[in-house]
Amino acid sequence: QVQLVESGGGSVRSGDSLRLSCAASGRTFSNYAMGWFRQVPGKELEFVSAISRSGGSTANADSVKGRFTISRDNAKNTVYLQMNSLKPEDTAVYYCAAPLASSAYYDTPRRTHDYAYWGQGTQVTVSS
């Protein structure tokens, strides 16, 4: 059974940084791309970042380009989201996600329906 557990959220001020972690278990982590999404109450899930199975390819939403960096450590079965220069509009619950099937080598899925497994979410709150 695939499990994803996020950590690292919190309350920070505008301009601060946070690093989110997502620990995966239940299957061979390095066979799958991984993604980060976020959601504000009353709105749909929003794509943030994705990383290919090897970590060689990444994709980021325009709203976070130049500020957020996704990475992974396949030896630790963990994906990270380094968030710098945080803004109040980054306030959301952040979810990591994994696809159902193994990924093509450079695949960086960006749609919610590309993913089958989701973590419980971690709250990020940025005040001005």
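**View 1. Strands β7 and β8 run antiparallel, joined by six bridges.** Here β8 covers residues 78-83, and Ile 70 sits opposite Leu 81 in β8. Strands are DSSP runs (E, at least two residues), numbered from the N terminus, and two of them pair if DSSP finds at least two bridges between them. Keep in mind that this is a predicted model, where local features need pLDDT of at least 70, side-chain atom pairs count only at pLDDT 80 or more, and totals for chains, interfaces and linings use all residues. Residues are numbered from 1 along each chain as its sequence is written, and side-chain values use heavy atoms, with hydrogens and water left out.

**View 2. Four strands make an open, antiparallel sheet in the order β1-β3-β8-β7.** β1 (3-7) and β7 (68-73) are the edge strands; each has a single partner, so one side of each lacks a neighbour in the sheet.

**View 3. Arg 38, Glu 46, Arg 67 and Asp 90 are tied together in a salt-bridge network.** A salt bridge puts a side-chain nitrogen of Lys or Arg within 4 Å of a carboxyl oxygen of Asp or Glu. For Glu 46 and Arg 38, the closest N and O atoms are 2.8 Å apart. Arg 38 counts as buried at 6% relative accessibility, while Glu 46, at 33%, is partly exposed (buried is under 20% relative accessible area, exposed over 50%, partly exposed in between; 1.4 Å probe, protein chains only).

**View 4. Lys 65 forms a salt bridge with Asp 62.** The closest N and O atoms lie 3.1 Å apart, and both residues are exposed.
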